[in-house]
Amino acid sequence: MKKEDIITLPNQNLRKKCERVHVITDEVRQIVQDMIDASLDWEEAHPHEISAAIAAPQINKLYKIIIVRSDLDDKNNKEFTALINPEITHAEGSQVGPEGCLSVPGYFGDVERFNKITVKGIDPHNKKVTIKAEGFLARIFQHEIDHLEGHLFIEKATNLRLIADHPEEKEIV
């Protein structure tokens, strides 16, 4: 898949609740690979940015699947962690920070999120996975899991603005 396969508003599939994956199949593994391919293709077109994560509905697949960059500090590391049917099982604290979204291009805003979370799901090899995340990583997981419920960051954002109006802030989203 290519960056052009990432859907954007006003596509209404971004507002739909996704289906749980009941069986890990080759089709599910292909969706994960398609998500990675689309993310990396987008990133290649944006050399000063990193594609941190994406959810299946963003490539028009209405399944509860997300991928999150395995190393957010190393753009040369092209590995992602895939979670199928991810659920937040524990959350605490609060943080407010900037967010943007590949499916809402050009906009960013401040969103309040939990500061620490525990996420459970399964990987593409049908193994149970538990991840504890805090800070920016916790923010990413919450943002992507919101996508699976048909919610976009702009619903929660305060101070929503266009990047074109604030080019100095482009690097923080």
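The model is predicted: local features need pLDDT of at least 70, side-chain atom pairs count only at pLDDT 80 or more, and totals for chains, interfaces and linings use all residues. Residues are numbered from 1 along each chain as its sequence is written, and side-chain values use heavy atoms, without hydrogens and water.

Select residues 136-148, which form H2. Helices are DSSP runs of H or I with at least four residues, strands are runs of E with at least two, and numbering starts from the N terminus. The buried positions run through Ala138, Arg139, Ile140, Phe141, Gln142, His143, Glu144, Ile145, Asp146, His147 and Leu148. At 1.5 Å a residue (times one less than the number of residues), H2 should span 18 Å, and its end C-alpha atoms are 19 Å apart, which agrees.

Now display the whole protein chain, with its two helices and eight strands. From the N terminus, the order of elements is α-β-β-β-β-β-β-β-α-β. The C-alpha trace spans about 45 × 35 × 35 Å along its principal axes. Buried residues account for 46% of the 173 residues.

Finally, display contacts (heavy atoms within 4.5 Å). Among those between residues at least 6 apart in sequence, 67% join residues at least 24 apart.

Methods. Buried means under 20% relative accessible area, exposed over 50%, partly exposed in between (1.4 Å probe, protein chains only).
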